[in-house]
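Try each task before you read its solution.

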Amino acid sequence: MEKFIIRGGAPLCGTVSVSGAKNAALPCLAACLLTDEPVTLCRIPPLSDIFAMCDILSGLGCRISRPFADEFCIDASHLTACAVPYELAGRLRGSFLVLGPLLARHKKVSIAMPGGCAIGARPIDLHLKGFIAMGATVQNTNGCIEASCRQLHGATIYLDFPSVGATENIMSAAVLAQGETIIENAAAEPEIVDLANFLCRMGARITGAGTDTITIRGVERLHGARHTIIPDRIEAGTWLAAAVATGGDVTVTNIIPDYVKPMTAKLSEMNIPLTIGEDFIRTKPVSSFKAVDVKTLPYPGFPTDMQSQLSALLCLSDGISMITETIFENRFMHAGELCRMGASIKIAGRNAVIEGSKSLSGAKVKASDLRAGAALVIAALAAKGDTEISDIYHIDRGYVALDAKLRTLGASIKREPE
Ligand code: EPZ
C-alpha cells in the first residue's frame with residue numbers, strides 16, 4: 001500500500017496532457033469479445049482498472065499484446081471460457097460490461113456480481129432487463145449472474161434510469177441480435193458515443209448514440225478494427241479544479257472541450273477566467289472565486305464524477321455552496337476527510353452545504369474511492385503545510401501517473417510506502 005505526501009502552497013504552472021478515458025476504454029475492451037478478428041485500441045490509459053479488465057479477457061481466452069504503453073491489441077478468436085470468477089469480476093464495476101458481448105457471441109455467460117467503489121448500491125437490474133427483453137434467460141446463482149440464450153433478438157427497452165453501464169451493455173449485445181433494438185431513455189455520455197463509434201468501425205449499425213434513443217440493427221458478425229479512445233473529460237476537469245485551487249496557470253491539452261463544458265460552465269459561473277481552444281483549456285490565476293450551487297445529473301448535466309473534485313475547490317470559495325448528488329447515494333465520503341483539513345461541510349441526505357474559507361491546512365487523510373481521492377489531492381495542493389493521503393490505490397485506478405504529472409506542474413508530491 002502506498003501514500004502521497006503533498007506539501008501545499010505552490011501554484012500549478014505549465015501544460016498537462018490528458019490520457020484516454022478510462023470509462024470509454026473499459027466498454028471498448030469488453031466489446032473486443034464480439035469479433036473473432038484482431039482489434040487494436042489506442043490511447044488506452046495504463047491504469048489498474050484497465051489491467052484488471054485485461055486479466056478478465058485473458059481468462060476468457062483472449063490473446064493480448066501491447067506494442068506501446070497505451071496501445072492494446074486484442075485477439076478474441078479462440079475464447080476458451082464463458083465464466084468470470086469473483087476474484088476477477090470483484091475488482092471493478094466495469095467487469096460487468098463483458099456480459100453483453102459474451103452473451104451475444106457465446107450465447108452463454110456466468111459472471112460474479114461486479115465490484116467497484118463504495119459510492120452506492122450499484123444495482124444491475126436495468127442491464128438484466130435489457131438482456132431478458134432480447135430473449136435471454138437470466139438467474140442469480142450464488143452471487144453469479146448466469147445468462148443464456150439461443151439467439152438474441154431485437155427489442156424495445158426503456159431504461160428507468162439513463163444508466164451508463166446498462167446502455168453500454170445492452171448496445172454491445174444488440175449489435176449481434178436478430179432484428180432491431182431500440183434503447184429508450186438511454187445514457188448520452190460521450191463514452192457511449194465513443195463505444196458506438198468503435199462498434200460501427202467493427203461493422204455494427206447504430207444510430208442515435210449521444211441522444212436518449214439509440215437504435216441498433218443487428219448484423220451477422222463484426223470484423224476487426226482500429227480505434228482511438230476519446231480523451232478523459234473527468235481527468236481534464238480534475239486538472240482544472242487543481243489549477244484553480246492553487247491559483248495556478250495551467251494549460252490542459254489533448255482534450256475535447258465540448259465534453260468538459262458542464263465543468264467549464266460552472267467555473268465561469270464562479271468568475272474564473274478560462275481560455276478555451278480547439279483541444280485545450282487554460283486557467284488564469286485568480287485569488288478568489290464565487291461560491292455556486294451544483295446538482296449532478298446524467299450527461300449533459302454536471303457529472304457526478306466531478307462532484308468530489310469541485311466540492312474540494314468550493315471549500316476555498318468566498319461564500320456558501322450547495323451540492324446535490326442525484327446519481328449515487330453515498331458520494332460524499334470525501335467530506336469528512338476535507339473537514340479534517342479545516343473545511344466546513346455539512347451533509348444532509350443528498351445535499352452538502354460547503355462554507356468556503358480562505359485556506360485549508362495539511363492533515364493525515366484517507367482516500368475512500370477514486371474521485372474522493374482526487375478531491376483530497378486538490379485540497380492538499382492548496383492547503384498550508386503537509387498532507388498525507390493513504391489508500392492511494394483508489395486514485396491509481398483512474399489517473400495515469402498523477403504524481404509525476406503534478407511534479408511537472410511544480411507540485412511538491414512524493415509517493416511513499418504506507
Ligand atoms: C459509470 O458507472 C461510470 N463507471 C462511473 O464512473 C460513473 O460515475 C457513472 O457511470 C455515472 O456517470 C464506468 O463507466 C466504469 P450507472 P455505472 O449505471 O455504469 C442506477 C468513476 O469514478 N442504476 O449510470 O455503474 C443506480 O441508481 C466511476 O470513474 C440502476 O438503478 O453508472 C446508479 O446509482 C464511478 N440500475 C445510477 O443508475 C442499473 O442496472 C448510475 O449508475 C444500473 C444503474
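**Exercise 1. The lining of the largest pocket**

How do the residues of the lining of the largest pocket divide into nonpolar, polar and charged? Then find where the lining comes from.

*Solution.* Keep in mind that this is a predicted model.

Step 1. Sort the lining by residue type: 22 are nonpolar, eight are polar and 17 are charged.

Step 2. Look towards the middle. The pocket has 47 lining residues, and those nearest its centre are Arg93, Arg122, Val164, Gly165 and Phe328.

Step 3. Assign the lining to elements. Helix 1 (22–31), helix 5 (125–133), helix 6 (164–174), helix 8 (233–245) and helix 12 (370–382) each give two or more residues. The largest share, four residues, is from helix 1.

**Exercise 2. Around the ligand**

Which residues come nearest to the ligand?

*Solution.* Step 1. There are 22 residues around the ligand, and Arg93, Asp125, Leu126, Ser163 and Asp305 come nearest.

Step 1. Start with a side chain: a polar side-chain atom of Lys22 is 3.1 Å from a ligand oxygen atom.

Step 2. Turn to the backbone. A backbone N or O atom of Gly165 lies 2.8 Å from an oxygen atom of the ligand, and for Ile327 a backbone N or O atom is at 3.0 Å from a ligand oxygen.

Step 3. Link this to Exercise 1: Gly165 is also one of the residues nearest the centre of the largest pocket.

**Exercise 3. Cysteines**

Step 1. Apply the cut-off, which asks for two cysteine sulfur atoms within 2.5 Å. The closest cysteine sulfur to that of Cys28 belongs to Cys32 and is 7.5 Å away, so the two are too far apart for a bond.

Step 2. Repeat for Cys42, where the nearest cysteine sulfur, in Cys73, is 7.7 Å away; Cys42 is in no disulfide.

Step 3. The count comes to zero disulfides.

Step 4. Check accessibility. Cys28 is buried at a relative accessible area of 0%, and Cys42 is buried at 9%.

**Exercise 4. Backbone geometry and a helix**

Where are Lys107 and Arg122, two residues with positive phi, and where is Pro300? Finish with the burial of helix 10.

*Solution.* Step 1. Most residues other than glycine have a negative phi, and most peptide bonds are trans.

Step 1. Lys107, not a glycine, has a phi of about 65 degrees. Lys107 sits in the loop between helix 4 (99–106) and strand 7 (108–112) and is partly exposed, with a relative accessible area of 25%.

Step 2. Arg122 has a phi of about 55 degrees and lies in the loop between strand 7 and helix 5.

Step 3. The Tyr299 to Pro300 peptide bond is cis, with omega near 10 degrees. Pro300 is in the loop between strand 18 (294–295) and helix 10.

Step 4. Helix 10 (residues 307–314) is mostly covered, with eight of its eight residues buried, including Gln307, Leu310 and Leu314.

How values were computed
Residues numbered from 1 in each chain as written. Predicted model: local features only at pLDDT ≥ 70, side-chain atom pairs only at ≥ 80, totals over all residues. Heavy atoms only, no water. Buried < 20%, exposed > 50% of the residue type's maximum accessible area, 1.4 Å probe, protein only. 1 Å grid on protein atoms, 1.4 Å probe; cavity = no way out; pocket = protein on both sides within 12 Å on 5 of 7 lines; lining within 4 Å. Nonpolar A, V, L, I, M, F, W, Y, C, P; charged D, E, K, R; others polar. Near = heavy atom within 4 Å. Polar contact = N/O pair within 3.5 Å; in protein donor to acceptor, adjacent residues only side chain to side chain.
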